[in-house]
Amino acid sequence: MKTAIYLFLIISLNITPQKRICFTFDDFPHVYIQLYNDNFMKNSMQKFIDTLLVYRVPAIAFINEIKLYNNYGFENAKIVELVRMWIDAGFEIGNHTYSHKNLNLYPAGSFKTDIFLGEKITNRILKEKNKKMTYFRFPQLETGKTAQEFKEIKEFLRKHGYETAPVTMKNEDFYFAAAYSKANKQKDPAQMKLIAQDYLSYLPKFIDYFEKQSEFLFKRQINQIMLLHVNELNIDYINEVCKVFINKGYQFITMEKALSDPVYAIEETYYGSAGIPFLESKAIKTGIFYNPHKLKLFRGTHIELPKYLKKP
Ligand SMILES: [Zn+2]
């Protein structure tokens, strides 16, 4: 049935997928999990999973295990169940540290502890299937303030069997999602709809922006890796988000397949005060960043977010 729906979508949209993208969902099981009751979360997760299966999106989620415990430090079985639902549906899961710790704000030692704490429950569930987490995503994409810190953590991750999951398309969905959740709290469905429409019209421009960067740097479309968050907006509109990418000619792929693109063999050397996405770090490495003319061409037109969205 799901295959039939997928084929129908592909045929009806008259599209031959050529470009490839891996969808990654950070802050799993939900950015603001404390705001929702367990039943709501279970139903939302089921709906989310079902839609991803319809579109055959081999997504990977990056978990913060702190969200799997209650205020007394005990495991919350109903939240842990969400992790099991995700894994049982065949999706991948990676480590995003226990408490979403930002390496640039904490010493390397406490960051390592957060990596270990962040794999306890998930690896226990994965062990039943003879699997373990193998991908790691840095919170805020921040990889260390100094060369020493950067190298130390990179080596630590390698030793413990983790590969870093980069981001090429850094979505600003959290601005839309915060406004969307606020409108929902205020019981304002008209405003929620407006925000969702603005989000869906922002996405094609956002895709163009990063495609141009790929073309500028590599003269082709690389396998893209998209950062999304598990939030109310994406859960409600994942169907439409998938359609935007299909309309743009994308095929959904796994993290492993994405990383098989030779561009990811180029050694990552960027560290510093800001977490930046993959293409930008390559622009630094190749010197484009320091040539104002080339940088302007590389970055192209900045995508404006709607004025009502609060940016820090
Ligand atoms: Zn995160």
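A residue is buried if 20 or more other C-beta atoms lie within 10 Å of its own, exposed if 12 or fewer, and partly exposed in between, with C-beta atoms placed from the backbone. By this rule Phe 74 is exposed, because 9 other C-beta atoms lie within 10 Å. The model is predicted: local features need pLDDT of at least 70, side-chain atom pairs count only at pLDDT 80 or more, and totals for chains, interfaces and linings use all residues. Residues are numbered from 1 along each chain as its sequence is written.

**Overall form**

- The protein has twelve helices and eight strands; helices (H or I, at least four residues) and strands (E, at least two) are DSSP runs, numbered from the N terminus.
- Along the principal axes, the C-alpha atoms fill a box of roughly 55 × 50 × 40 Å.
- Of the 312 residues, 36% are buried.
- Two residues are in contact if their C-beta atoms, placed from the backbone, lie within 7 Å. Among contacts between residues at least 6 apart in sequence, 81% join residues at least 24 apart.
- Phe 74 is found in the loop between β2 and α3, and its C-alpha atom is separated by 49 Å from that of Glu 215, 141 residues apart along the chain.

- Two strands pair if DSSP finds at least two bridges between them.
- Strand β1 (residues 19-28) is mostly covered, with nine of its ten residues buried.
- β1 pairs with β2 in the parallel sense over four bridges; in this pairing Thr 24 stands opposite Ile 60, and Phe 25 stands opposite Ala 61.
- β1 also pairs in the parallel sense with strand β7 (residues 224-229), over six bridges, and Ile 21 stands opposite Gln 224 there.
- Three bridges join β1 to strand β8 (residues 250-252), again in parallel, with Lys 19 opposite Tyr 250.
- β2 pairs in the parallel sense with strand β3 (residues 92-95) over four bridges, where the bridge partner of Ala 61 is Ile 93.
- In a regular strand the side chains alternate between the two faces of the sheet. In β2 (residues 60-63), Ile 60 and Phe 62 point one way and Ala 61 and Ile 63 the other way, and all are buried.

**Crossovers**

- A crossover is right-handed if, with the strands pointing away from the viewer, the path from the first strand over the helix to the second runs clockwise.
- β1, helix α2 (residues 38-54) and β2 make a right-handed β-α-β unit.
- A right-handed unit is also made by β2, helix α3 (residues 77-88) and β3.

**Nonpolar core**

- A nonpolar core is a set of buried Ala, Val, Leu, Ile, Met, Phe, Trp, Tyr and Cys residues joined through C-beta atoms within 7 Å.
- The largest such core has 68 residues, and those with the most contacts inside it are Ile 21, Cys 22, Phe 23, Ala 59, Ile 60, Ala 61 and Met 226.
- Helix α8 (residues 189-218) gives the most to this core, with eight residues.
- Apart from its neighbours within four places in sequence, Ala 59 is in contact with Phe 23, Thr 24, Phe 25, Leu 52 and Phe 91.

**Helix α11**

- Six of the eight residues of helix α11 (residues 278-285) are buried: Phe 278, Leu 279, Glu 280, Ser 281, Lys 282 and Ala 283.
- The elements covering these buried residues include α8 and α12 (292-299).
- Gly 287, which follows α11, has a positive phi, near 90°.

**Backbone exceptions**

- Most residues other than glycine have a negative phi, and most peptide bonds are trans.
- Asp 27, although not a glycine, has a positive phi of about 65°. Asp 27 is in strand β1 and counts as buried because it has 22 C-beta neighbours inside 10 Å.
- Lys 187 has a positive phi near 50°. Lys 187 lies in the loop between α7 (173-185) and α8, and counts as exposed because it has 8 C-beta neighbours inside 10 Å.
- Phe 28 and Pro 29 are joined by a cis peptide bond, with omega about 0°; Pro 29 lies in the loop between β1 and α2.
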